[in-house]
Amino acid sequence: MTFTVAPHLNYFTIPLKDFVAARPEFEGFGVCAYIFSHADPAPRILLLQRALTDSMPGCWEGPGGACELDTDKTLFDSLVRETLEESGLHVSHILDLVAVDCWEHHRRSGGKIRIAKYSFVVEVQEALGSSAGKQQAVPTLQIPVHLEPLEHQKFDWAVKEDVLLSIRSPNGPYRFPLPLVGHQAPNILRAFELVEQRESRKEWSKDPTPLNSRYPLRDSSQSQH
């Protein structure tokens with residue numbers, strides 16, 4: 001799978017085994033992709049609802065999962081693979097780092113591992129088309145999302161207002177994982193912020209200048225069960 005990386009993210013292209021070896025305090029590594037549609041007046045983010053038979057049943061999140069040291073050459077290869085497996089979409093460009101989250105995960109078999117998760121804003125091939133030689137956004141509902149049913153049961157293209165409503169009120173359309181596990185809700189808002197900054201400067205997909213001067217490293221004091 002071919003994809004490009006914004007220059008300010010080139011550090012993450014080092015071999016995954018070297019990346020992991022430089023962080024011995026973590027036993028597990030994960031990734032998350034935030035994908036946006038730009039066909040509507042306001043950007044929409046792809047959210048997937050976890051299957052009721054999986055952990056955190058019914059919660060909404062971006063595509064992502066665990067890095068595979070034996071098969072993934074880099075962290076970005078993990079990101080691209082997980083995005084394809086969970087949404088059927090092909091990452092074409094990795095734009096910005098949203099956040100780095102870390103927490104302790106208690107295994108059902110006993111023991112615990114410390115996890116670091118890296119979340120990025122990405123573009124996917126299926127969201128962009130061309131007409132008369134010009135690139136244009138594919139209509140949101142025409143982007144062909146394909147779910148892995150054992151992991152996710154629904155998907156939606158959410159606007160920022162509905163994400164905010166879901167954070168502030170139980171009457172919102174989305175339920176997110178616990179704040180101390182992966183920080184999904186604030187990361188989604190941070191992804192919107194990065195995209196809005198790009199759009200306001202009319203630089204979306206053209207200028208790789210990093211817009212997030214701070215890469216928040218969050219630590220969770222409670223464990224995921």
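Trainee: What does the secondary structure of the chain come to?

Mentor: The chain comes to 4 helices and 11 strands. The model is a predicted one. Of the 225 residues, 48% count as buried.

Trainee: How do you know what share of the contacts joins residues 24 or more positions apart?

Mentor: Among contacts in the chain with a separation of 6 or more, residues 24 or more positions apart account for 70%. Several residues discussed below illustrate the topic.

Trainee: What makes F19 a buried residue?

Mentor: Buried means under 20% relative accessible area. F19 has 1% relative accessibility, and therefore counts as buried. F19 lies in helix α1.

Trainee: Which residues are in contact with F19, leaving aside its neighbours within four places in sequence?

Mentor: They are Y11, F12, I14, F29, L75 and Y118. F19 and L75 are 56 residues apart in sequence, and their C-alpha atoms are 8.0 Å apart in space.

Trainee: Why is Y34 called buried?

Mentor: The cut-off is under 20% relative accessible area. Y34 stands at 0% relative accessibility, so Y34 counts as buried. Its place is in strand β2. Leaving aside neighbours within four places in sequence, Y34 is in contact with I45, G62, V98, S119, F120, V121, V122, Q184, N187, I188 and A191. Y34 and V98 are 64 residues apart in sequence, with 8.8 Å from C-alpha to C-alpha.

Trainee: Why does V121 count as buried?

Mentor: V121 has 2% relative accessibility, and buried means under 20%, so V121 counts as buried. V121 lies in strand β7. From H93, V121 is 28 residues apart in sequence and 8.9 Å apart in space, C-alpha to C-alpha.

Trainee: What makes M56 partly exposed?

Mentor: Partly exposed residues fall between the buried limit of 20% and the exposed limit of 50%. M56 has a relative accessible area of 23%, and is therefore partly exposed. The place of M56 is in the loop between β3 and β4 (60-61). M56 has a positive phi of about 50 degrees, although it is not a glycine.

Trainee: How many residues has the largest nonpolar core, and which have the most contacts inside it?

Mentor: The largest nonpolar core has 34 residues, and F12, L75, Y118 and F120 have the most contacts inside it. The elements giving two or more residues to this core are α1 (16-21), β2 (28-37), β3 (44-50), α2 (75-87), β6 (91-106) and β7 (112-124). Apart from this core lies another, of 20 residues, among them L95, A158, V163 and Y174.

Trainee: Which residues does F120 touch, not counting residues up to four places away in sequence?

Mentor: F120 touches L9, F12, C32, A33, Y34, L75, F76, L79, I94, D96, L97 and V98.

Trainee: Where is K154 placed?

Mentor: K154 is in strand β10 (residues 152-158). K154 and R50 are 104 residues apart along the chain, while their C-alpha atoms are separated by 7.6 Å. Leaving aside neighbours within four places in sequence, K154 is in contact with L47, L48, Q49, W60 and L147.

Trainee: At what angle do the axes of helix α3 and helix α4 cross?

Mentor: The axes of helix α3 (residues 160-168) and helix α4 (residues 184-200) cross at roughly 155 degrees, and they come within 10 Å. Angles over 145 degrees count as roughly antiparallel. The value lies over that limit, which means that α3 is roughly antiparallel to α4.

Trainee: Which residues of α3 and α4 meet?

Mentor: On the side of α3 they are K160, V163, L164 and I167, which meet A185, I188, L189, F192 and E196 in α4. By class, the contact of α3 with α4 has 7 nonpolar, no polar and 2 charged residues.

Methods: Residues numbered from 1 in each chain as written. Predicted model: local features only at pLDDT ≥ 70, side-chain atom pairs only at ≥ 80, totals over all residues. Heavy atoms only, no water. Axes fitted to C-alpha atoms, helices over the stretch in contact; angles between N-to-C directions. Parallel < 35°, antiparallel > 145°, perpendicular 65-115°, else oblique. Contact = heavy atoms within 4.5 Å. Nonpolar A, V, L, I, M, F, W, Y, C, P; charged D, E, K, R; others polar. Core = buried A, V, L, I, M, F, W, Y, C linked by side-chain atoms within 4.5 Å. Buried < 20%, exposed > 50% of the residue type's maximum accessible area, 1.4 Å probe, protein only.
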